[in-house]
Every structure is written in structure tokens, then in C-alpha cells.
Amino acid sequence: MTTSRPGEPDQRTGGRGALLDPRCPTRQLLDRIGTKWTSMAVKVLAEEAPGELRFAELRRRIPGISQKMLSATLQSLVRDGLVARRVEPTVPPAVHYRLTELGLSLERPLSALRVWAETHMPEIDRNNQLADESPPN
């Protein structure tokens, strides 16, 4: 049985539109960039583009992130080709990060998501408050 209609992608293939399939590109991307730390790092680096930021400055600009989490987030972004890492051979080494063209292209959809959240989170919060106040079924 298929969930596709004529002219639509087959939902079993892991291709476009097969969000429930672990091989779906959308699902794979959300697994990589769906954390708050990733979106914050991309935002901070986008604000600096085309310039670079050092690790310590990134950490200062992302409230609440630990050194370990920032390091893991940046490693993932570098591995995916969204962020470029440059090391100066000084003692200690100075490490700089900047968004690649691919990373810059991610800023627009993440910005749209932030706008949506800013617009709709009050309504979502109200719905949660109403749900907390209503008696359980």
C-alpha cells in the first residue's frame, strides 16, 4: 500500500516528501540542525558574515551554552560544510569560525522560523495554559 497520489512522490522511497522515512532529506536535515544551539550559532555567525568569530566570542554571544556543547555544535556544523574553521598557528592556537555559502543559505529559512515563533508562541503558550487549567479527561 502506498500513501502517494498520482504525481506525488512515493512515501516509501525515502525521497522528497517522505518525512516519516529516516532516509528523508528533510528529516535528516532536521536531525542535524533542529537544536536550539545550532540555530543560535548560525544566527550569530550570520550576523558577523562575511567575517569570522573566535570560539570565546561565539560562546559570549550565545547565552547558556557550555564550552562542550558549543564545541560539539561547531564540529557538527563544520562536518556538514555549513561552517568553515580556520586555525592560526599561535600559542595557544587562535580558532576562527565563519559561515560558508551553504551555511549562509540556511539563515533565511531559520530566520523565517524565528519570525513564525515570535508571532505564534504567545498563542501556543495560551493554549498550554488552558490545557493545564482544564480538568483531565
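**Strand pairing, cis peptides and the nonpolar core**

In this predicted model, a hairpin of 5 residues links β2 to β3. Strand β3 itself, which spans residues 94–99, is mostly covered, with 5 of its 6 residues buried.

The protein chain contains 5 helices and 3 strands, and read from the N terminus the order of elements is α-α-β-α-α-β-β-α. Of the 137 residues in the chain, 24% are counted as buried. The accessible surface amounts to about 9,900 Å², and carbon and sulfur atoms account for 56% of that area. Turning to contacts between residues at least 6 apart in sequence, 37% connect residues at least 24 apart.

Most peptide bonds are trans. The bond joining A49 and P50, however, is cis, with omega at about 10°. P50 sits in the loop between α2 (36–48) and β1. A cis peptide bond also joins V91 and P92, where omega is about -10°. The loop that holds P92 is the one between β2 and β3, and these are the strands joined by the hairpin described at the outset.

What, then, lies in the interior? In soluble globular proteins, nonpolar side chains tend to be buried together. In this model, the largest nonpolar core comprises 21 residues, among which L45, L58, I62 and Y97 touch the most other members. At least two residues of this core come from each of α2, α4 (67–79), β3 and α5 (101–133). The greatest contribution is that of α2, which gives 6 residues.

Apart from neighbours within four places in sequence, L58 contacts V44, L45, L53, L70, L74 and Y97. Two of these partners, L45 and Y97, are themselves listed with L58 among the core residues that touch the most other members.

Note on methods:
Residues are numbered from 1 along each chain as its sequence is written. This is a predicted model: local features need pLDDT of at least 70, side-chain atom pairs count only at pLDDT 80 or more; totals for chains, interfaces and linings use all residues. Side-chain values use heavy atoms; hydrogens and water are left out. Buried means under 20% relative accessible area, exposed over 50%, partly exposed in between (1.4 Å probe, protein chains only). Helices (H or I, at least four residues) and strands (E, at least two) are DSSP runs, numbered from the N terminus. Two strands pair if DSSP finds at least two bridges between them. Contact means heavy atoms within 4.5 Å. Accessible areas come from the Shrake-Rupley method with a 1.4 Å probe; for residues, only the protein chains shown count as cover. A nonpolar core is a set of buried Ala, Val, Leu, Ile, Met, Phe, Trp, Tyr and Cys residues joined through side-chain atoms within 4.5 Å.
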